[in-house]
Amino acid sequence: MKRGMMALRLAVFAGAVSMLAAGCGDQRAANKQALEKALNRDYALNADCLFAKPLPFPYELAVQDKLLGQTRSKLDALVEAGLLSRVESVRGNQVVNRYSMTASGAQVEGKGRFCYGRRQVTSVERFTKPVNYDGMPLTKVEYRFVLKNSAGWAKQDEVRNAFPDVAKSMQPSPIDEATLILTNDGWVLTY
């Protein structure tokens, strides 16, 4: 009888331990709650911005440069939003646009990256089974979010047309993907 009780106690203890390891409170487990918490922790610290690195202003582009046409249209959208000014000049046989930050643009978070809001993950829809990446578990996550504290200038049609990620973020419940890796500090977003 004592053996049976001991086996039952061990089974209950093992079940409790396995529940904890499966994610009941374990932020290192690969589960929706832990991954959502990791994403929200990162997004609380890092705003969504138009550019990964600050643009060096003043910024000049030749009007005839076809390779930079998309960059020019993005900067022109920021001129329309009042964040940049544009001065056209002629240098030799080229027309050059010189973009400078306005007083309004200088007040935008990101110092030339033009940050427009912060994501708050509302749900993790799915994630892949973690795989080994350089000795650390890595998973891909699909999640829904809302954009908090969105900038008024980012809602303008010119900006949303020039920056599709901004338009996507302004939708009621957009879906995005992220890759997270498990470190000693828990799950962290990779960029």
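**View 1. Helix 3 buries Arg 72, Leu 75, Ala 77, Leu 78 and Val 79.** Buried means under 20% relative accessible area, exposed means over 50%, and partly exposed lies in between (1.4 Å probe, protein chains only). Helices (H or I, at least four residues) and strands (E, at least two) are DSSP runs, numbered from the N terminus. This is a predicted model, where local features need pLDDT of at least 70, side-chain atom pairs count only at pLDDT 80 or more, and totals for chains, interfaces and linings use all residues. Residues are numbered from 1 along each chain as its sequence is written, and side-chain values use heavy atoms, with hydrogens and water left out. Helix 3 spans residues 69–80. Its cover includes strand 2 (59–62), strand 3 (84–91), strand 4 and helix 5 (157–162). Gly 82 follows helix 3 and has a positive phi, near 85°.

**View 2. Tyr 99 sits in strand 4, residues 94–101.** Tyr 99 has 0% relative accessibility, so it counts as buried. Contact means heavy atoms within 4.5 Å. Not counting residues up to four places away in sequence, Tyr 99 touches several residues, among them Phe 57, Tyr 59, Arg 72, Leu 75 and Val 79. The C-alpha atoms of Tyr 99 and Glu 60 are 6.2 Å apart, though 39 residues separate them along the chain.

**View 3. Arg 119 and Asp 176 form a salt bridge.** A salt bridge is a side-chain nitrogen of Lys or Arg within 4 Å of a carboxyl oxygen of Asp or Glu. Here the closest N and O atoms are 2.6 Å apart. Arg 119 lies in strand 5 (residues 115–127) and Asp 176 in strand 8 (residues 175–183), so the pair ties together parts 57 residues apart in sequence. Both residues are buried. Lys 168 also meets Asp 176 in a salt bridge, at 3.5 Å, N to O. Shared partners join Asp 48, Arg 119, Lys 168 and Asp 176 into one network. Lys 168 is partly exposed, at 28% relative accessibility.

**View 4. Arg 160 and Asp 157 pair within helix 5.** Their side chains meet in a salt bridge of 2.4 Å, N to O. The two residues are three apart, about one turn of the helix. Arg 160 is partly exposed, with a relative accessible area of 30%. Asp 157 is also partly exposed, at 47%.

Conventions
Expected span 1.5 Å × (residues − 1).
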